[in-house]
Amino acid sequence: MSETEDGDEAAETTEASGSSGGILVWAHEQEPGSLHVDDPEHSLAATAWLRTALLEGAYGISSTTEFFPELLAQEAEMVDNGDGTFTATYTLRDGLMWSDGEPLTANDFKFTFDAMMYADGVDDEGNPNYVYLRGDRTGYDTVTEIAVQSDTVFTITWSEFFAGWKGILVEAYPAHQFSADPAEAAAQLNEALKEWQAPDGNVIASSGPMVFDSWEKGVQINLVRNENYHGSTSPDAENKGLAYVDGVQINYVTDTDAQINALMAGEAHLVMTQPQLAFEQLAQSEDFTVASTAGPVYEHWGMNVHNAHLSDPLVREALAFAMDKSEVMAGLYTPLFGDSLPAEGLGNTYWMSNQSPYQDNAGNAGYGKGDIESAQANLEKAGYTLGDDGVYVHPERGRLSLRVGTTGGNKLREIQQQLLQSKFKEAGIEITIDNVEGGAYFSERPFAPGSIECSQSGGTAGNCDIWDLAQFAWVGGPWPGGNSAVFLTGAGNNCYGYASAEFDAKSAECDSTVDDAERAACYNELWPMWSTLSLLTE
């Protein structure tokens with residue numbers, strides 16, 4: 001279907017009818033390959049956004065990046081048991097119901113946990129062989145018991161304090177649609193979540209304001225209103241009852257200009273994606289509202305440390321020195337965000353620039369300032385010599401040529417690549433652009449099965465040559481320690497190949513630190529450990 005035909009169809013079937021009723025049309029660039037967002041191969045932020053309309057959990061996350069009781073009647077109570085263990089008691093709201101009319105109870109939370117944590121023995125290294133696909137189980141793996149006290153009350157006990165405890169079970173699955181056996185349920189969930197179809201052939205029941213309806217691959221996903229919705233407790237929600245709209249239609253349009261054109265033509269009502277320069281023209285129109293706010297999201301260039309060049313920390317630091325983040329900020333981000341973001345770019349990933357514990361760790365290390373002299377000094381120290389064509393060459397590794405990829409069609413990311421490509425050229429580093437359209441980039445490059453196998457095996461298996469540099473965003477939340485998950489040794493979401501026993505231990509120490517100030521300082525100490533310079537593979 002062409003873009004014009006796609007737009008015409010949307011215009012014919014989705015015209016809004018005022019403040020109540022009609023279909024809300026969302027144009028987005030990244031179509032998921034699967035709705036199983038816990039599967040590392042399919043962990044798109046866009047999929048997570050979609051699922052927030054379908055499933056709710058113990059706690060939700062507000063627009064100010066704070067936890068709020070979602071399916072809970074009140075804040076859960078965390079108690080120090082005096083023996084090193086901690087127990088939280090959760091009380092659900094009365095009268096909760098799944099979209100198919102079945103009661104939503106504490107048993108749904110225990111079912112979800114048990115399925116996620118079921119292990120079929122251990123692997124060759126003695127690690128649990130989990131069945132349910134999930135990239136990270138930090139905080140889940142220290143739970144010693146989850147107990148149902150009644151239909152509305154359950155408790156979770158940890159072997160030690162866990163700072164991200166409110167982030168546990170942010171979604172609960174409907175136990176009545178799956179096997180009561182955790183082993184069978186885990187396998188069923190892996191299959192059912194792909195296209196949101198339960199084992200009995202019905203759609204997976206919802207606890208959120210929408211219910212999954214249909215998916216036309218390559219075109220759109222359709223959601224309809226949950227008529228049994230219990231109402232939102234989010235501090236951001238103005239409507240606390242049933243959704244006003246009849247449904248949501250998500251049209252997948254990979255090209256930024258096509259998304260903007262769809263908005264201008266009335267074929268879409270919403271674009272929720274990374275900031276784009278084209279949004280400036282929308283901001284000048286009285287017909288549109290552009291909402292740009294800083295949040296727990298950071299754009300980055302990730303490095304495959306199993307690449308012959310990038311395995312050398314001196315090369316990784318050379319890239320960090322040569323990168324000029326202020327040029328990128330001035331040209332692409334400041335026009336949209338003004339002074340709400342630092343002009344020198346983000347220098348931390350555990351704390352955002354609008355949070356009090358924030359430190360500009362990258363800037364303090366001299367990174368991101370376009371320091372060509374320091375970059376070249378690093379390369380020459382590593383044994384590289386500058387070739388006649390202006391590109392450095394190593395006697396064993398060869399020409400310093402690296403590929404960078406991102407979600408093709410995203411204009412802002414493509415321009416950002418070109419700006420940095422030019423700066424790296426000044427330093428004698430050749431960068432070639434290797435993009436894949438939309439969300440397919442992730443499953444074909446950094447999170448391809450061969451790439452993940454390479455990372456998890458320490459470079460001894462899989463395909464370590466699929467990608468070199470990856471440009472995309474990680475989405476965080478209220479618990480800073482969640483950022484560690486993508487760098488822990490062997491973690492399912494660790495596509496980079498980073499491995500450090502010291503980092504793993506420090507991360508666990510931060511997560512178990514009870515004092516807020518001490519924990520904040522600990523997370524700041526973590527950042528340099530996985531940065532370009534200091535983190536080595538083992």
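Select Cys510 and Cys522: the torsion about their S-S bond is about -80°, so the disulfide is left-handed. The two sulfur atoms are 2.0 Å apart, where a disulfide is defined as a pair of cysteine sulfur atoms within 2.5 Å. Cys510 belongs to helix α14 (residues 501–511) and Cys522 to helix α15 (residues 516–530), so the bond ties together parts that are 12 residues apart in sequence. Helices and strands are DSSP runs numbered from the N terminus (helices H or I, at least four residues; strands E, at least two).

The model is a predicted one, in which local features need pLDDT of at least 70 and side-chain atom pairs count only at pLDDT 80 or more, while totals for chains, interfaces and linings use all residues. Residues are numbered from 1 along each chain as its sequence is written, and side-chain values use heavy atoms, with hydrogens and water left out.

Now colour the two cysteines by accessibility. Cys510 is buried, at a relative accessible area of 0%, and Cys522 also counts as buried, at 4%. Here buried means under 20% relative accessible area, exposed over 50%, and partly exposed in between, with a 1.4 Å probe and protein chains only.

Next, select Cys454 and Cys464, which form a disulfide with sulfur atoms 2.0 Å apart. The torsion about this S-S bond is about 105°, so the disulfide is right-handed. Cys454 lies in helix α13 (residues 449–456), whereas Cys464 is in the loop between α13 and β22 (469–475), so the pair links parts 10 residues apart in sequence. Both Cys454 and Cys464 are buried.

Cys495 counts as buried, at 2% relative accessibility. The count of disulfides comes to 2, and numbering the bonded cysteines in sequence order gives the pairing 1-2, 3-4.

For the last stop, select helix α8 (residues 325–337) and helix α11 (residues 411–426), whose axes come within 10 Å and cross at roughly 160°. Axes are lines fitted to C-alpha atoms, for helices over the stretch in contact, and angles run from 0 to 180 degrees between N-to-C directions. The contact (heavy atoms within 4.5 Å) involves Glu327, Val328, Leu332 and Tyr333 of α8, together with residues of α11 including Leu412, Ile415 and Lys423.
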